[in-house]
Structures are given as C-alpha cells and as structure tokens.
Amino acid sequence: MPYAKGEGPSVVIALGGNALGNTPQEQLELVKNTAKHIVDMVGDGVNVVVSHGNGPQVGMINNAFAYAAANDGKTPEMPFPEAGAMSQGYIGYQLSQAILNDLKARGIMRSTANVITQTVVSPDDPAFQNPTKPVGAFMTEEEAKAKAAETGWTFKEDAGRGWRQVVASPKPQRIVEFDAVKDLMDAGYIVVSTGGGGVPVFETEDGYEGVPAVIDKDRSSAKLAADFGADMLVILTAVEKVCINFNKPDQQELSSMTVAEARKYIEEGQFAPGSMLPKVEACIEYVEAYPQGKALITSLECAAAGLEGKTGTVITA
C-alpha cells in the first residue's frame, strides 16, 4: 500500500549502544523501548532514518565463529565484512520489527524497511597504516603470529589479556545504497540502515570488495544525513546534554555549540576520545557539509523533546 510521508522534518538518528543489548534476547526487549521513542517522533510527523552501532554484536559473531572454527573442525572462519553484514541483518530485523509493532499498536499506517548497507572507504586512508580496533577472539602470541603469517591480518597484544586481530577505522567516503535509502524515505518508510557504520568496502575497477575494518557509526550517520540533506542529525547517547569539565565540581551542561566553540573544546581536551569526542566530531562534519542542518546530541528518552528544542545539545555551523 502507499504510505504518506510525514509533514515534519527529516532526521537521521544514530542509536548508541545503550539502546541495544549484549545478547539477542536482551536486545529484543530493549529495542521495544527504543521503538516507542522513535514512533513518538513518527507520530509527530518526523521522517526518520535509523542507524545503529554494532560493536558488541559483531564481536559476538566474530568470536563465535573463531571459537567454533578452532574447536570443532567443521565451522569455517567468517570474514569480518560478512560478520558485520550479519550483525546489520539481525539488529535491523529486531529494530524494524519493534518499530512496526508499535506503529500498528498505535494505528499509524506506516511501515519499515531494513537496508543492509555498504560504505566505501579509501585504501589510502591513513587508518589502514595503523589498525587499532580489536576484534575477535583472544590468542596466545604464538597463535597470533601463526595466524598473521597465514592470513596477512594484523594482531596486537590487548592490555595483558592476550593477542587479538586489530582492524582499521577509516573515514566513510560514500554510502553505496544511499539512493535506495532516500527513495524509501521519500516513499514514507521508516528506514533502518548504515548499521555499524556500514560494511566497509573498497571501490575497484571490478566493483566493490569488502575489507576488514570498522567505521565509526556516528561518522557514517553524519555522511548519510549530509548527503540526504536531512534537517537534523540526532546522535543518541547515555546523557541528556554534552558537558564540559565532565565529572568535575565545575561541570557545565551545554545547550548549544557552534562549530568554532566545539573545536575550541576539543583543543582543550574536554571530550573523551572513546566516548563523546567522536560524537561531537561527527556533528561537526555534518553541519560543515550541510550548514542548513542542525545536529543534536542527547539521550534516547529526551530525543522527542530535543527535536522540539527543549533539551539536548544542538551544534550549528
């Protein structure tokens, strides 16, 4: 049936790990709550594309195949790009199903679509010269060296716990399925896409080729939002507002930042590298690429109020 596109703004929402669980069963329950907040926005006329992280999930898949391959002699090792696609599939399935169920419960005649997404990265990206993102199972040093000689993969010692494969985290260049996502959104669908930043691929003369890497999902979401010309990029995390002097007596919540102010705070070291820093950097990339838009960082529970300008931290050009 034809669906009516909402009359409100277009928004790309990047879900943080707190919106998902550590197991498929836990996640199935948590996404029901996530869906309610997303459908609240849909009910207000907002047109939504949902992206999500996949760190714990792709690690679980990778570790399971690695363990099985090493212990049962029958299961093949799963290449990392395929493990990323698997995680996109089952997370997208659960998110789409939860959103669809909530739409039906409220009598909202809209539907969902889940797009397994590839993201083009450059083989010249400097991140490939220094892979840092650990994935997969722990090994002894001897096992890691043997595996490296066999496969050409890079392994590093991980905080005294053993050796693990490490992959690069390159910058997203282009979302391969962008046209499909745009067409579906224009047709009135709530689209789940670009999970885990998308499966990293090189674009060659012969077509696309998967590469073992991890793309920051907030940066891919920013790229998608800018290319789409979305009115707002919403990055959801565990806090209601971005803070400076975090966890100090003079902690200060920020309701807004310009790009210049955000860069100043970054130079001061205000944002933790593994936490708030990549989220702020993604927002900067989005509003610099699409100055008409606004970026919002807030919690899942405050997302609807944030879209109305009542809370959260808004970043503008």
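Leaving aside neighbours within four places in sequence, with which residues is valine 234 in contact? The tour of this predicted model opens there.

**Stop 1: valine 234**

Select valine 234, which lies in strand 12 (residues 232-237). With its near neighbours in sequence (those within four places) set aside, the contacts of valine 234 are Val11, Val12, Ile13, Ala14, Leu296 and Leu307. One of these, alanine 14, is 220 residues away along the chain, yet the C-alpha atoms of valine 234 and alanine 14 are separated by 6.2 Å. Valine 234 has 1% relative accessibility and therefore counts as buried, since the cut-off for that class is under 20%.

**Stop 2: helix 5 and the glycine after it**

Next, select helix 5, residues 178-186, and display the side chains of Phe178, Val181 and Met185, which are its buried residues. These three lie on the same side of helix 5, because they cover an arc of only 65 degrees around the axis. The general rule behind such a pattern is that an α-helix has 3.6 residues a turn, so residues three or four places apart point the same way.

Turn the view to the other side of helix 5, where Asp179 and Asp183 are exposed. Then step past the end of the helix: glycine 188 follows helix 5 and has a positive phi, near 100 degrees.

**Stop 3: serine 111**

Serine 111 is placed in the loop between helix 3 and strand 3 (112-115). Draw a C-alpha to C-alpha distance from serine 111 to tyrosine 189: the two are 78 residues apart in sequence and 5.4 Å apart in space. Is serine 111 buried or exposed? Its relative accessible area is 12%, so serine 111 is buried.

**Stop 4: helix 2 against helix 3**

Now show helix 2 (residues 55-71) together with helix 3 (residues 80-105); they pack at an angle of about 125 degrees, and their axes are 9 Å apart. That angle makes helix 2 oblique to helix 3. The crossing in which helix 2 passes helix 3 is right-handed.

For the contact itself, select Gln57, Val58, Met60, Ile61, Asn62 and Phe65 on helix 2, then Phe80, Ala83, Gly84, Met86, Ser87, Tyr90 and Ile91 on helix 3. Coloured by class, the residues of this contact of helix 2 with helix 3 comprise nine nonpolar, four polar and no charged.

**Stop 5**

Move to helix 7 (residues 259-267), in which Val259, Ala262 and Tyr265 are buried. Their arc around the axis is only 125 degrees, which puts them on the same side of helix 7. Ala260 and Glu267, on the other side of helix 7, are exposed. The elements against which the buried residues of helix 7 pack are strand 13 (242-244), strand 14 (252-254), strand 15 (256-258), helix 8 (276-289) and strand 17 (313-316).

Keep helix 8 in view. Helix 7 and helix 8 pack at an angle of about 150 degrees, with 10 Å between their axes, and are therefore roughly antiparallel to each other. Helix 7 passes helix 8 in a left-handed crossing. On helix 7 the contact is made by Val259, Ala262, Arg263 and Ile266, and on helix 8 by Leu277, Val280, Glu281, Ile284, Val287 and Glu288. The residues of this contact of helix 7 with helix 8 divide into seven nonpolar, no polar and three charged. Just after helix 7, glycine 269 has a positive phi of about 75 degrees.

**Stop 6: positive phi in residues other than glycine**

Finish with two loop residues. Threonine 194, in the loop between strand 9 (190-193) and strand 10 (199-204), has a positive phi near 60 degrees although it is not a glycine. Its relative accessibility is 0%, so threonine 194 counts as buried. Asparagine 247 lies in the loop between strand 13 and strand 14 and is another residue other than glycine with a positive phi, here near 65 degrees. Asparagine 247 is exposed, with a relative accessible area of 64%.

Note on methods:
Residues numbered from 1 in each chain as written. Predicted model: local features only at pLDDT ≥ 70, side-chain atom pairs only at ≥ 80, totals over all residues. Heavy atoms only, no water. Buried < 20%, exposed > 50% of the residue type's maximum accessible area, 1.4 Å probe, protein only. Helix = DSSP H or I, 4+ residues; strand = E, 2+ residues; numbered from the N terminus. Arc of directions from axis to C-beta. Contact = heavy atoms within 4.5 Å. Axes fitted to C-alpha atoms, helices over the stretch in contact; angles between N-to-C directions. Parallel < 35°, antiparallel > 145°, perpendicular 65-115°, else oblique. Left-handed = near helix turned anticlockwise from the far one by under 90°. Nonpolar A, V, L, I, M, F, W, Y, C, P; charged D, E, K, R; others polar.
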